[in-house]
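User: I would like to learn how to read charged side chains in a model. Please take the pairs one at a time.

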Amino acid sequence: MTQQFPDPHPVLAALAERARTGSRPGARTDGHRIALAVEGGGMRGAISAGMALGLHESGLLPAFDAVYGASAGGITGAWLLSSSPELLRGWAEPAYAKAMIKLRNAWLGRPVVDVRDLVERLYVEVAPMDFAAVLANPITLHPLATDVLTGESTDLRPYLTGPAELRLALRASAALPLLAGPPVELGGRRWFDAGLAESVPFRTALHQGASHVLVLRSRRPGAAATAPVGPSRGSRMIAGTALRRYPAPLRHSYLSRGARLHADDTFLHRPPTGPAVLTVHPGADTPHVSRLARDGDVLIRGFEAGRAAAKGALAGVAG
């Protein structure tokens, strides 16, 4: 489901023109910078991963200049730019979910969301990601994370100096406080999940000069709230316990996530004049996929709903 704009939407028009002319990254002549922004959300990221696969299948990926990802969206972005984007289907595999979501770990004092095992074992030994291909891709990957010291969203692109650093960046982008354990260290700094500061990673893309942004959302569309949502009781508890020893700016970012999401939804629902932004949402009949979902049927249906949404949004655009 997409926003309704006069035909054709500027983002779709720019993509169609690049597809028609065979434009390739590194050899552009149109003066545009077209970015893809992928929302995560734990296992809800299966939905936006399905969208990413639909985009790949449309043949439009070469029309983009950069991919920005938050949390699970950063992992999806890496798969999309790898030599085997079809392995995005792993998001719908129960084995994938079980490698990442280990509920019994809560009783063992270990991370419930085991991003380290996912990235350092599964993506290295079981379903290898071609990390070198991601780094060499002329379409640049920009995984975001939250700086523990400042609480600000940060593009980890400058730290991607090799496969090991790329894996650390993917882990940092998805390092949920409490659920995923301590922050990840990279480049002499510590990082938590991007969702603390920028769960829908389009603002960094705009700040870095994107003229057009296609946003893949993992959340279903809904009426904008009449007022920003305040922190939940659970969020206040985490801020007062698990995050108590971290700097105040980080706790503030964590507690203000609801207000920030409200502002993002408002912006994306009716973007102001300026760079062109188009949002793709999963359809209203998409199943609810929770952050810690492990049910294979739910994951597959969510993934396929995302894939269908992207294909529907991009229908007729590919050359």
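User: Which residue meets glutamate 17 in a salt bridge?

Analyst: This is a predicted model. To call a salt bridge, look for a side-chain nitrogen of Lys or Arg within 4 Å of a carboxyl oxygen of Asp or Glu. Here the partner of glutamate 17 is arginine 20, with N to O at 2.6 Å.

User: Why are glutamate 17 and arginine 20 about one helical turn apart?

Analyst: Both belong to helix H1 (residues 10-21), and they are separated by about one helical turn because they are three residues apart. Glutamate 17 is partly exposed at 38% relative accessibility, while arginine 20 is exposed at 60%.

User: Which residue forms a salt bridge with glutamate 120?

Analyst: Arginine 171 does, and the closest N and O atoms are 3.0 Å apart. Glutamate 120 is in helix H6 (residues 115-126) and arginine 171 is in helix H8 (residues 163-173), so this pair ties together parts 51 residues apart in sequence.

User: Is arginine 171 buried or exposed?

Analyst: The label follows from the relative accessible area: under 20% is buried, over 50% is exposed, and partly exposed lies in between. Arginine 171 has 12%, so the label is buried.

User: Where do arginine 307 and glutamate 304 lie?

Analyst: Both are in helix H13 (residues 296-314), three residues apart, or about one turn of the helix. Arginine 307 counts as buried at 19% relative accessibility, whereas glutamate 304 is partly exposed at 29%.

User: How many salt bridges does a search of the whole structure find?

Analyst: The search finds 21.

User: Which residues form a positive surface patch?

Analyst: For a patch, look for like charges on residues with over 30% relative accessible area and no salt bridge. In this model Lys98, Arg104, Arg110 and Arg294 form a positive one.

User: Where is lysine 98 found, and is lysine 98 buried or exposed?

Analyst: Lysine 98 is part of helix H4 (residues 94-100). Its relative accessible area is 51%, so lysine 98 is classed as exposed.

How values were computed:
Residues numbered from 1 in each chain as written. Predicted model: local features only at pLDDT ≥ 70, side-chain atom pairs only at ≥ 80, totals over all residues. Heavy atoms only, no water. Patch = residues over 30% accessible without salt bridge, like charges linked within 9 Å, V, L, I, M, F, W, Y side chains within 5 Å. Areas by Shrake-Rupley, 256 points an atom, 1.4 Å probe, with all protein chains shown as cover. Lys, Arg positive; Asp, Glu negative; His and termini not counted. Charge placed at Lys NZ, Arg CZ, Asp CG, Glu CD. Helix = DSSP H or I, 4+ residues; strand = E, 2+ residues; numbered from the N terminus. Buried < 20%, exposed > 50% of the residue type's maximum accessible area, 1.4 Å probe, protein only.
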